[in-house]
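Open the model in your viewer and keep the sequence panel beside it. The stops below say what to select and what is found there.

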Amino acid sequence: MSVPIPYYLALSALLFTMGVVGVLVRRNALVIFMSIELMLNSVNLTFVAFARQFGTVEGQVMVFFVMVIAAVEVVVGLSIIIAIFRTRDTMDIDDVDLLRG
Amino acid sequence: MSALIEIIIFSAAAAGALAGGVGVVASAQPVRSALSLLLVLGSLAVMYLLLAAPFVATLQVIIYAGAIVVLFLFVIMLLHARSGEERPSKLRGQRVAAFVLSAAFYAAILAVLRTVRSAPVSTIGSEFGSAQFVGGALFTTYVLPFELASMVLIVGIIAAVVIGRPFVR
C-alpha cells in the first residue's frame, strides 16, 4: 500500500461533490440520473478503501448490495423517465412540475 | 508490485475518474455523459484492483459498465434525446449557489479527513477480496440480506414491466 488510504477518500469526496453539482445544476433527467450513479460509485470507493484499511470483508459485501440497489434504481428510474417522455414529451425536469404548489 | 508502479497506476486512474466526472456533469449531450460515466466506472475498477478487491472490480465491470451504462445508452438512443440544449433556469442564481455549496461541502469533508488520524493499514492475506472470500461472507453471515436483495431485484423487474406497459386511458 504505497498510496495512503486518505488519498482514495479525498478522490471519493471529489467525485461525490461532482455528482452533487450535476444533480443541482443540470436539468436533463438522464444526466441527473448519471450524476446519482457518480455519487453511488464514489461511496463504493470509500467502502472498498475502508475494507482495505481494516482488513475486513464487510465493506466489499456492502458494495455488492449497493450495486444491486443501483441496478434496480436505474431500471425503475429509467422506465419512469421513459413514461414521462411518452406522456409529456420532455426530459427537462423543470417541465414536470405538476406537484408544484 | 513496486511502489512507483502503484503510484503511477493510482494517478492515472484518479485522473481518468476526475476527467470522467467532469464529463458526466459538463457534457452538452447525454451520450457523452454516458461515455464519461463509463470512463469513471473503468477507472474505479482499476482502483478496486489496487485496493485488493478483484471480485468487486469484476462486478463493477459486469454490472455497471456492462449493464447499467448500456441501459443508459439504450434509453438515450430510444428517446433520441437532443435535449442537450438546456433553456435558462427558472431559478435565479441556482448555478452559483450550487457551486458555492458544493465547494463548501467538499471543504468540510477535506477538513474532516485532515483532522482524523487514520488507523494503520492492516496486513491482508493473498485471498482477500477474491470471489471465494466475499462469497463466503455473502452466503453465511449475510445470507438474509442477500435473499432480500434478490427480492428487491424481482420487484424492480416487475415495476419496470408495469411502468413500461402501453399507456391505456
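**Stop 1: a helix pair in chain A**

Select α2(A) and α3(A), which pack with their axes 9 Å apart at an angle of about 175°. Because angles over 145 degrees count as roughly antiparallel, α2(A) is roughly antiparallel to α3(A). Bear in mind throughout that this is a predicted model.

Next, show the side chains at this contact. On α2(A), pick A:A29, A:L30, A:F33, A:E37, A:L40, A:V43, A:N44, A:F47, A:V48, A:F50 and A:A51. On α3(A), pick A:E58, A:G59, A:Q60, A:M62, A:V63, A:V66, A:A70, A:G77 and A:I81. Colour the selection by residue type: the contact of α2(A) with α3(A) divides into 14 nonpolar, 4 polar and 2 charged residues.

**Stop 2: one residue on α3(A)**

Stay on helix α3 of chain A and select A:I69, which lies in it. Is A:I69 buried, exposed or partly exposed? A:I69 has 15 C-beta neighbours inside 10 Å, so it counts as partly exposed. A residue needs 20 or more such neighbours to be buried, and 12 or fewer to be exposed.

Now draw a distance from the C-alpha atom of A:I69 to that of A:D89. The two residues are 20 apart along the chain, and their C-alpha atoms are separated by 28 Å.

**Stop 3**

**Stop 4: chain B as a whole**

The secondary structure of chain B comes to 6 helices and 0 strands, and from the N terminus on its elements run α-α-α-α-α-α. Chain B is more spread out than a compact globule, because its radius of gyration is 21 Å, well over the 15 Å that the globule rule gives for 169 residues.

Of the 169 residues of chain B, 26% count as buried. Finally, look at contacts in chain B between residues at least 6 apart in sequence: 52% of them join residues at least 24 apart.

Key. Residues numbered from 1 in each chain as written. Chains lettered and ligands numbered in written order. Predicted model: local features only at pLDDT ≥ 70, side-chain atom pairs only at ≥ 80, totals over all residues. Helix = DSSP H or I, 4+ residues; strand = E, 2+ residues; numbered from the N terminus. Rg over C-alpha atoms; globule rule 2.2 N^0.38 Å. Contact = placed C-beta atoms within 7 Å. Axes fitted to C-alpha atoms, helices over the stretch in contact; angles between N-to-C directions. Parallel < 35°, antiparallel > 145°, perpendicular 65-115°, else oblique. Nonpolar A, V, L, I, M, F, W, Y, C, P; charged D, E, K, R; others polar.
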